[in-house]
Amino acid sequence: MAGLYYEDFSVGRVFEHEWTRTVTEMDNVLFSSLTMNVQPLHLDEEFASKTEFGQRIVNSLFTLGLMIGITVNDTTLGTTIANLGMTDVRFPKPVFHGDTLRVRTRVASVRESKSRPDAGIVEFVHTAINQRGETVAECTRQALMRKKPRS
């Protein structure tokens with residue numbers, strides 16, 4: 001698997017993920033429509049033009065999903081058993097159509113699973129940053145990770 005196992009993570013380890021993604025109007029409109037979020041800040045340019053943002057903003061749940069998705073290839077691809085939770089989710093700046101996001105991940109904690117001897121829990125802190133260097137999203141994610149297979 002491309003993902004890392006529980007034993008590969010250590011507190012303080014930082015990943016500067018190479019993949020970046022430019023967010024498009026289609027991403028925002030499709031995600032908002034599929035999730036039945038009819039907030040005009042996401043879908044109605046005329047409405048949004050009269051707000052403090054002056055334009056539509058990207059659905060924050062899309063931003064959260066994209067931020068975590070960008071991290072998968074470097075960290076958890078095929079080695080995650082399950083996400084256990086996401087806490088401390090923040091969106092300090094809006095994301096607009098055309099913004100390009102990059103992500104940094106820091107390992108905040110690791111611990112053995114009390115119920116599963118083949119797994120451990122890793123706590124990640126993800127940060128999404130736009131092309132202007134502004135932090136646009138942050139969250140702490142707890143993941144149940146596979147341990148290395150015994151030979």
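Which residues make a nonpolar surface patch of about 340 Å²? In this predicted model, the patch is made by Met26, Leu30 and Leu34, and the sections below set these residues beside the rest of the protein.

## Overall architecture

The secondary structure of the protein comes to four helices and six strands, and along the sequence these elements follow the pattern β-β-α-α-α-α-β-β-β-β. Taken along the principal axes, the C-alpha atoms fill a box of roughly 60 × 30 × 25 Å. Of the 151 residues in the protein, 39% are buried.

Leu30, one of the residues that make the nonpolar surface patch, is found in helix H1, which runs over residues 25-34. Leu30 has a relative accessible area of 43% and is therefore partly exposed, a class that lies between the limits of under 20% for buried and over 50% for exposed.

The buried residues of H1 include Asp27, Asn28 and Ser32. Because these three cover an arc of only 110° around the axis, they lie on the same side of H1.

## Helix H4

Helix H4 is formed by residues 60-75, 16 residues in all, and reaches 23 Å from its first C-alpha to its last, which is close to the 22 Å expected at 1.5 Å a residue. At the start of H4, a side-chain oxygen of Asn59 comes to within 2.9 Å of the backbone nitrogen of Leu61.

Glu123 is found in strand S5, which spans residues 119-129. With a relative accessibility of 22%, Glu123 counts as partly exposed, because the cut-off for a buried residue is under 20% relative accessible area.

How many residues apart along the chain are Glu123 and Phe9? The two are 114 residues apart in sequence, while their C-alpha atoms are separated by 9.7 Å in the model.

Methods. Residues numbered from 1 in each chain as written. Predicted model: local features only at pLDDT ≥ 70, side-chain atom pairs only at ≥ 80, totals over all residues. Heavy atoms only, no water. Helix = DSSP H or I, 4+ residues; strand = E, 2+ residues; numbered from the N terminus. Expected span 1.5 Å × (residues − 1). Polar contact = N/O pair within 3.5 Å; in protein donor to acceptor, adjacent residues only side chain to side chain. Patch = residues over 30% accessible without salt bridge, like charges linked within 9 Å, V, L, I, M, F, W, Y side chains within 5 Å. Areas by Shrake-Rupley, 256 points an atom, 1.4 Å probe, with all protein chains shown as cover. Salt bridge = Lys/Arg side-chain N within 4 Å of Asp/Glu carboxyl O. Buried < 20%, exposed > 50% of the residue type's maximum accessible area, 1.4 Å probe, protein only. Arc of directions from axis to C-beta.
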